[in-house]
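Me: I'm about to look at a structure that is new to me, and I'd like to go through it in short questions. Could you keep the answers plain?

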Amino acid sequence: TNAGGIRYVRYGSLRGNVLGMEAVLGNGAVLDNLSSLRKDNTGYDLKQLMIGSEGTLGIITKLAILTPRLASSVNVMMIGLE
């Protein structure tokens, strides 16, 4: 959903900020996709498939996400009215 509010506008979706993951599938196999590349066009995007499955295909054990930088300055305005 687009229920991220102002944080979604500023930082984007968490789905877009996931760089890589490691997951354990239902049969016990380990899916190792911890690449830190932003784009990878070699076959199916298993990382996005695992995110979209919401835990039905396997359990995510490691996750690499892109963290935004802190803002260099913060502007605050305070208005007092009577």
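Reply: Before anything else, a term: pLDDT is the predictor's confidence in each residue, on a scale from 0 to 100. It matters here in that this is a predicted model.

Me: OK, so what is the mean pLDDT of the protein chain?

Reply: The mean for the protein chain is 81, and 90% of its residues reach 70 or more. Where pLDDT is low, the predicted coordinates should not be read in detail.

Me: Which elements have the lowest and the highest mean pLDDT?

Reply: Among the elements, helix H1, covering residues 6-11, has the lowest mean at 76, while strand E3, covering residues 58-65, has the highest at 89.

Me: Let's step back to the fold. How many helices and strands are there, and in what order do the elements run?

Reply: The protein chain has three helices and three strands, and from the N terminus on they follow the order α-α-β-β-α-β. The radius of gyration is 18 Å, well over the 12 Å that the globule rule gives for 82 residues, so the chain is more spread out than a compact globule. Along its principal axes, the C-alpha trace spans about 65 × 25 × 20 Å.

Me: And how much of it counts as buried?

Reply: Of the 82 residues, 16% count as buried. The protein chain exposes about 7,300 Å², with carbon and sulfur atoms supplying 56% of that area.

Me: Which residues of helix H3 are buried, then?

Reply: In helix H3, which runs over residues 46-53, the buried residues are Lys47, Gln48, Met50 and Ser53. The buried residues of H3 pack against helix H2 (14-17), strand E1 (18-25), strand E2 (30-33) and E3. Just after H3, Glu54 takes a positive phi of about 55°.

Me: What share of the contacts with a separation of 6 or more comes from residues 24 or more positions apart?

Reply: Residues 24 or more positions apart account for 61% of those contacts in the protein chain.

Me: Last topic, charges: how many positive and negative side chains are there?

Reply: The protein chain has 8 positive and 6 negative side chains, and the centres of the two sets lie 6 Å apart.

Methods
Residues are numbered from 1 along each chain as its sequence is written. This is a predicted model: local features need pLDDT of at least 70, side-chain atom pairs count only at pLDDT 80 or more; totals for chains, interfaces and linings use all residues. Side-chain values use heavy atoms; hydrogens and water are left out. Helices (H or I, at least four residues) and strands (E, at least two) are DSSP runs, numbered from the N terminus. The radius of gyration is taken over C-alpha atoms; the globule rule is 2.2 Å times the number of residues to the power 0.38. Buried means under 20% relative accessible area, exposed over 50%, partly exposed in between (1.4 Å probe, protein chains only). Contact means heavy atoms within 4.5 Å. Accessible areas come from the Shrake-Rupley method with a 1.4 Å probe; for residues, only the protein chains shown count as cover. Lys and Arg count as positive and Asp and Glu as negative; His and the chain ends are not counted. The place of a charge is taken as NZ of Lys, CZ of Arg, CG of Asp or CD of Glu.
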